[in-house]
Amino acid sequence: MFGLRKTLGSLFTSNQTDEAWFDALEESLILSDVGLPTTEQLISKLRKAAKSEKANTPEALKQLLIEEVTILLKSMEPNPNPLYVHEQKTTPEVWLVVGVNGAGKTTTIGKLCKLFQSQGKSVLLAAGDTFRAAARNQLLEWGGRNQVDVIMQESGDAAAVAHDAIHAAISRKSDILIIDTAGRLATQDHLMEELKKVKRVIGKALPGAPHQTLLVLDGNTGQNGLNQVRAFHAALELSALIVTKLDGTAKGGVICALAHTLSDGPKLAVLALGKGEGIDDLAPFMAAQYSSELFN
Ligand code: GDP
């Protein structure tokens, strides 16, 4: 799984906590994308605890670190998690899924589809990336795997696909409609304008929709990932995130950096973590568990 084991090495099993020990810990936090401000805060707390003898062994410092990171990550925990809310609705719940190409959008949609179906919900998919035939085909594959229909058009624009899909979902009485979108246009401005238009059209076709505007973020993208969150949120008012590719990475710290970045901004919960390419490799995000996995 993920975690800092590789960069932490034997730090927590050593028997002393001198300057070099703190420097090595600081370096591995930074290498794992925890971010400089958060790393400095954490290291300063640990140094104080070590001085006051509150926690003066590597093991005690590790426990303190896990506690501090859990507190930090609590702000990213959804409460309740909309992935698991069972509300009887008379109209479809619409999930608009955005993110840059390669982040794992389509794969995550396939996983979400299976998760919702396992809760007894009927799902419809919409291929809103009308720029890449490959994206459409990939969504069709996931639709096939889950045995759900995919609304798409041979040509046409994403807003038209979203519009059609909402009407299809209403007439089929689908519980959930998940709309995939493009991740790359000529420029970032073009992409955001296109996505804003899709969102506007969705809201006109079904007032109150989309109910979730979900950003899929590759967990290995560091500072670039933070910039993506800012840019997508500024254009679309995101409601939540899913962070992917957290299997086998030493960079799981990005969610700490996100928590820090968003601490005086919008509340954006992480609904789930992508932990592999398979259909079941999606785990709900829980602060304490995440923090413990990071350092164990
Ligand atoms: P999209 O362009 O955003 O739709 O991204 P895709 O869904 O096509 O995913 C891009 C690549 O990342 C594919 O090879 C996926 O199999 C892979 N991928 C997606 N999610 C995960 C994950 O959680 N873990 C791993 N290891 N790979 C993933």
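Biologist: Which residues of α2 and α3 meet?

Modeller: Glu19, Phe22, Asp23, Leu25, Glu26, Leu29 and Ile30 in α2 meet Leu36, Thr39, Glu40, Leu42, Ile43, Leu46, Arg47 and Ala50 in α3. Contact means heavy atoms within 4.5 Å. By class, this contact has 9 nonpolar, 1 polar and 5 charged residues. Here Ala, Val, Leu, Ile, Met, Phe, Trp, Tyr, Cys and Pro count as nonpolar, Asp, Glu, Lys and Arg as charged, and the others, Gly among them, as polar.

Biologist: What kind of model and numbering is this?

Modeller: It is a predicted model, with residues numbered from 1 along each chain as its sequence is written. Local features need pLDDT of at least 70, side-chain atom pairs count only at pLDDT 80 or more, totals for chains, interfaces and linings use all residues, and side-chain values use heavy atoms, without hydrogens and water.

Biologist: Why are α2 and α3 called roughly antiparallel?

Modeller: The axes of α2 (residues 19–31) and α3 (residues 36–51) cross at roughly 155° and come within 10 Å. Angles run from 0 to 180 degrees between N-to-C directions, with axes fitted to C-alpha atoms, for helices over the stretch in contact. Over 145 counts as roughly antiparallel, under 35 as roughly parallel, 65 to 115 as roughly perpendicular and the rest as oblique. Therefore α2 and α3 are roughly antiparallel.

Biologist: What is the handedness of the crossing of α2 and α3?

Modeller: α2 passes α3 in a right-handed crossing.

Biologist: What makes α4 and α11 oblique?

Modeller: α4 and α11 (residues 287–295) pack at about 140°, with their axes 8 Å apart. The pair is therefore oblique. Its crossing is right-handed.

Biologist: Which residues of α4 and α11 meet?

Modeller: From α4 come Lys62, Leu65, Ile66, Val69, Thr70, Leu73 and Lys74. They meet Ala287, Ala288, Tyr290, Ser291, Ser292, Leu294 and Phe295 in α11. This contact has 9 nonpolar, 3 polar and 2 charged residues.

Biologist: How do α5 and α6 pack?

Modeller: α5 (residues 105–118) and α6 (residues 133–146) pack at about 20°, their axes 9 Å apart. That makes α5 roughly parallel to α6. α5 passes α6 in a right-handed crossing. In α5, the residues in contact include Thr106, Thr107 and Cys113; their partners in α6 include Leu139 and Trp142. By class, 4 residues in the contact are nonpolar, 6 polar and 1 charged.

Biologist: Which residues come nearest to the ligand?

Modeller: Of the 16 residues around it, Gly102, Thr106, Thr107, Asp247 and Glu277 come nearest. A residue counts if one of its heavy atoms lies within 4 Å.

Key
Helix = DSSP H or I, 4+ residues; strand = E, 2+ residues; numbered from the N terminus. Left-handed = near helix turned anticlockwise from the far one by under 90°.
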